[in-house]
Amino acid sequence: MPVVVVTDSSSRLEPEELARSGIRQVPLHILLDGGDFRDGVDDVPSDVHQRHATTAGATPTELADAYREALKRSDGDGVVAVHISAALSSTYS
């Protein structure tokens, strides 16, 4: 019974590892100067750590889309979700 793992970008897995293991990754968000940058997807300014940036969890739509796609790829056998702690992110809620 194969399952697909879905995680978020806090996992810091390299693209090659994600591809080799068939893991789907949902980006967390970096909010900076009115912009919303998806971690690991969008080009984030290189000086982000010196600026006042905040973060946001993945949206419910992003998560639902990732789970739906994972179920398609696993022929419906299942999905295991491994996400950042609820103490650190709104992703859980």
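## Surface patch

Patches are made of residues with over 30% relative accessible area and no salt bridge; like charges are joined within 9 Å, and nonpolar side chains (Val, Leu, Ile, Met, Phe, Trp, Tyr) within 5 Å. In this predicted model, local features need pLDDT of at least 70 and side-chain atom pairs count only at pLDDT 80 or more, while totals for chains, interfaces and linings use all residues. Residues are numbered from 1 along each chain as its sequence is written, and side-chain values use heavy atoms, with hydrogens and water left out.

V3, V80 and V82 make up a nonpolar patch on the surface. V80 belongs to strand 6 (residues 79–82). V80 counts as partly exposed because its relative accessibility is 37%; the class lies between buried, under 20% relative accessible area, and exposed, over 50% (1.4 Å probe, protein chains only).

## Overall fold

The protein has two helices and six strands. These are DSSP runs numbered from the N terminus: helices are H or I with at least four residues, strands E with at least two. From the N terminus on, the order is β-α-β-β-β-β-α-β.

The C-alpha atoms fill a box of roughly 45 × 30 × 20 Å along the principal axes. Of the 93 residues, 27% are buried.

## Salt bridges

The whole structure holds six salt bridges, each a side-chain nitrogen of Lys or Arg within 4 Å of a carboxyl oxygen of Asp or Glu. One of them joins D39 and R12, at 2.6 Å from N to O. This pair links distant parts of the chain, 27 residues apart. D39 sits in the loop between strand 4 (35–38) and strand 5 (54–56). R12 sits in the loop between strand 1 (4–8) and helix 1 (15–21). D39 is buried because its relative accessibility is 16%. R12, at 56%, is exposed.

D42 pairs with R38, with 2.8 Å between the closest N and O atoms. D42 is partly exposed at 25% relative accessibility, and R38 is partly exposed at 34%. D47 and R51 also meet in a salt bridge, 2.9 Å from N to O. D47 is partly exposed at 31%; R51 is partly exposed at 30%. Salt bridges with shared partners join D33, D47 and R51 into one network.

## Pockets

Rolling a probe the size of a water molecule over the atoms shows where empty space is left. Here, on a 1 Å grid over the protein atoms alone with a 1.4 Å probe, a pocket is an open set of points with protein on both sides within 12 Å along at least five of seven lines; lining residues have an atom within 4 Å of a point. The largest pocket has a volume of about 320 Å³, the space filled by probe spheres set on the grid points, which are joined across faces, edges and corners. It has 15 lining residues, with L28, H29, I30, D39 and T55 the closest to its centre. Strand 3 (29–32) and strand 5 each give two or more residues to this lining. By class, the lining has seven nonpolar, seven polar and one charged residues. Nonpolar covers Ala, Val, Leu, Ile, Met, Phe, Trp, Tyr, Cys and Pro; charged covers Asp, Glu, Lys and Arg; the others, Gly among them, are polar.

The second largest pocket holds about 230 Å³. Its lining includes R12 and D39, the partners in the 2.6 Å salt bridge.

Methods: Areas by Shrake-Rupley, 256 points an atom, 1.4 Å probe, with all protein chains shown as cover.
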